[in-house]
There are 2 protein chains.
Amino acid sequence: MNFATRLDNVETSAIRELFKLLGKPGIISFAGGFPDSAMFDVEGLREASQRALQEEPGGALQYGATEGYEPLRTQLAAFERAKGVTDIEPHNLIVTTGSQQALDLLGKTMISEGDKVIVEGPTFLATIQCFRLYGADLVSAPIDAHGVQVDRLEQLIVQHKPKFVYLIPTFGNPSGALLSLERRRKILELAVKHQVLIVEDDPYGDLYFGEPPPPSMLALSREVPGSREWIAHCGSMSKVLSPGLRVGWLVAQPELLAKATMCKQFSDAHTSTFAQATAAQYLKSGRMPETLRNVRQKYGERASVMAEALTKELGDAIEFTAPEGGLFFWARLTAPGANAGEFAKRAIEQNVAFVPGAPFFAKDPDPATFRLSFATADVEKIREGAKRLGRAL
Amino acid sequence: MNFATRLDNVETSAIRELFKLLGKPGIISFAGGFPDSAMFDVEGLREASQRALQEEPGGALQYGATEGYEPLRTQLAAFERAKGVTDIEPHNLIVTTGSQQALDLLGKTMISEGDKVIVEGPTFLATIQCFRLYGADLVSAPIDAHGVQVDRLEQLIVQHKPKFVYLIPTFGNPSGALLSLERRRKILELAVKHQVLIVEDDPYGDLYFGEPPPPSMLALSREVPGSREWIAHCGSMSKVLSPGLRVGWLVAQPELLAKATMCKQFSDAHTSTFAQATAAQYLKSGRMPETLRNVRQKYGERASVMAEALTKELGDAIEFTAPEGGLFFWARLTAPGANAGEFAKRAIEQNVAFVPGAPFFAKDPDPATFRLSFATADVEKIREGAKRLGRAL
């Protein structure tokens, strides 16, 4: 069978082999990107789904508008307003089938074969493949613990004239990095100056452990004249409430939103109205603040234990910045020529798993890097896993 | 903003203007393609969603496999086996976010810019746009009341060497046509002879009013040696159970299924596990046969009333074949030079709506054709709507 040429652009085997090994009994996994199922508010979601079917069974079970179920758009706009996006209205966002679909729609809507797109190095693996399937030629912008390096980013924008710049500014995957307030402002100014779209992917912004992070770039765009129309913002219920609902959203200027909606019509018609009505009832129920307090506290504790345990067990052999939120540690082997792929294999032998960092780079991978998630292991397992990492080293 | 060139391939304004008028108070609509919300088994779905959350809350709310939630794949394989696909196993299908996504994944997986794809003339509107977004050059194969004309189809296959042939063999949208058993066999033989993929879109096959239709081409492929690997089959829960779940499925040979799964990973990661677990519990509950009996009986009654009323009110001014299943009448104005678009406008003035047929043709539209759905109006409204159509004429 003769497949589409776009499939030649993607390579998915890199970490698939490793994931196959995760079924090994007794393994402690720091490899996943999942939230912890034990934290799901099952009772709250049960009640919400019941109310959805009781109050408007037609709406929850029938075809719905491609833009999204209106009561959910209303709740999501309120959710964003509470986070400082004071001027957002329901019609400024569309509901997507997880934020993965928001990325897919941005690719479909914006990227022609050979178009340049700037991403962080490293960035979310599924974003790399998603954009490449639409023919994107990815350019990698370097980051540090404060997010993407703005001077380099401007140089790359000038050099490559990209279709857009894709960033995970808040507790990035895999980097865990937090883009500083100053850099956020500068990037919004760059967007206006160079008339370039900035895509802000923000699935982790609510998962902070101490002080709240700086406002999202979407919220901050109010302070930088002309920048709002150059921001597309992807939100998600997956990390804070439930990934199984597949409820995400995309905020963008009207023309881009209309084009993305048209593309969505032919991608999946609309996001499950049953899932949307459930999410709407959940947000309306007022349980979200308590749910957020709970996940912040639990993940914060795990992150803190992991930082301590890594330092204790691995010492100077690795370097990392302890994240202030999100689900990930991004670490680097300090020995010259060290390879995290080899380290991952030895770790599996010691019954502990993580993901090597190289596949997260669209260009010029750093083979010494790796990602550790503290989300699904409890503190005892995190301590034991770190010990095993020490033995593997 | 500079959008992707693929957006230049689509045109969605054709019937959008008409749909805007449907909000007019007192209008009787034969325009939609929706099932009737009043027939949804709300209580059965409520129980199913509760059991899903009780029995395996982690599975229903967590990230899931891109291929689909295993208990649902098992139920869907059994559902297909009961319809004569005796040799299907759960791993022969993947779950999609409605069958619209199965079409999208086939486009993404198979179609390169400029590839030929053969569709029926007329065919499903969203398929035309979906495939064009991937750069397809569509070729239109003529149909009659027994479905696509096989001799013409073979000529077009030889002439155009298409990437695939897309058919809705059973109670087509918009045609209502039923592909005969003889033609099904011949097309399977053509698939083997010319090594061409046949996509069988089958959302309406369970909605028959009298005798069951011939077996699906997927089921029939068992009898035509070598044909199974050239069949991709799209199924859907939308017309028989609930469109709001967005649960469809794609059956295909292993290599195509693997490529489609890879594409789905970057489209939406997976279909809502909450919706999938609900659908799995529903199928497991054993309520589906009664639900199918109910919708067959109700839609059958409406179709029969519509046939009678159209004949009574419009007489020789239109021609149509009464459908034996599905949701649609496909009709044609008999007066020379008649235009169904003009007729639709006059009908709106009389407070009755339908969809002109021209946009359903990928090439060479027949402007005298139009589509009427009997799904959402009760028999009294169908009679009154037909009277209004008579006045509009």
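My entries below go from the contact between the chains to the core and then the sheets.

**Ground rules.** I am working with a predicted model, where local features need pLDDT of at least 70, side-chain atom pairs count only at pLDDT 80 or more, and totals for chains, interfaces and linings use all residues. Residues are numbered from 1 along each chain as its sequence is written, with chains lettered from A and ligands numbered from 1 in the order in which they are written.

**Entry 1: between the chains.** I counted contacts first (C-beta atoms, placed from the backbone, within 7 Å): 55 residues of chain B touch 55 residues of chain A. Helix 10 (254–267) of chain B gives the largest share of chain B's side, eight residues. By class, that side has 28 nonpolar, 20 polar and seven charged residues. For the classes, Ala, Val, Leu, Ile, Met, Phe, Trp, Tyr, Cys and Pro count as nonpolar, Asp, Glu, Lys and Arg as charged, and the others, Gly among them, as polar. My helices (H or I, at least four residues) and strands (E, at least two) are DSSP runs, numbered from the N terminus.

**Entry 2: the helix 2 pair.** I then looked at helix 2 (residues 42–55) of chain A and helix 2 (residues 42–55) of chain B, whose axes come within 11 Å and cross at roughly 175 degrees. The two helices are therefore roughly antiparallel, a label for angles over 145 degrees. Axes are lines fitted to C-alpha atoms, for helices over the stretch in contact, and angles run from 0 to 180 degrees between N-to-C directions. Among the residues that meet are Leu45(A), Ser49(A) and Leu53(A) on one helix, and Leu45(B), Ser49(B) and Leu53(B) on the other.

**Entry 3: the core.** Which residues have the most contacts inside the largest nonpolar core? I found Ile198(A), Val199(A), Leu250(A), Ile198(B), Val199(B) and Leu250(B), in a core of 256 residues. Such a core is a set of buried Ala, Val, Leu, Ile, Met, Phe, Trp, Tyr and Cys residues joined through C-beta atoms within 7 Å. Buried means 20 or more other C-beta atoms within 10 Å of a residue's own. Seven of the nine residues of helix 6 (residues 125–133) of chain A are buried, including Leu125(A), Ile128(A) and Phe131(A). Their cover includes helix 5 (98–110) and strand 3 (116–121) of chain A, together with helix 5 and helix 10 of chain B. Gly135(A) follows helix 6 of chain A and has a positive phi, near 90 degrees.

**Entry 4: the eight-stranded sheet.** In chain A I traced an open sheet with mixed pairing and the order 2-9-8-7-6-3-4-5; strands pair if DSSP finds at least two bridges between them. Strand 2 (93–97) and strand 5 (147–148) of chain A each have a single partner strand, so one side of each lacks a neighbour in the sheet. Strand 3 and strand 4 of chain A run parallel, joined by six bridges, and Val119(A) has Ser140(A) as its bridge partner. In chain B, five of the six residues of strand 3 (residues 116–121) are buried, so the rest of the structure largely encloses that strand.

**Entry 5: the four-stranded sheet.** My last stop was an open antiparallel sheet in chain B, ordered 10-11-14-13. Five bridges join strand 11 (residues 328–333) to strand 14 (residues 369–373) of chain B, with Arg332(B) partnered by Thr369(B). Helix 13 (residues 340–349) of chain B packs on this sheet, its direction making about 40 degrees with that of strand 14 of chain B.

Key:
Parallel < 35°, antiparallel > 145°, perpendicular 65-115°, else oblique. Contact = placed C-beta atoms within 7 Å. Buried ≥ 20, exposed ≤ 12 C-beta atoms within 10 Å, placed from the backbone.
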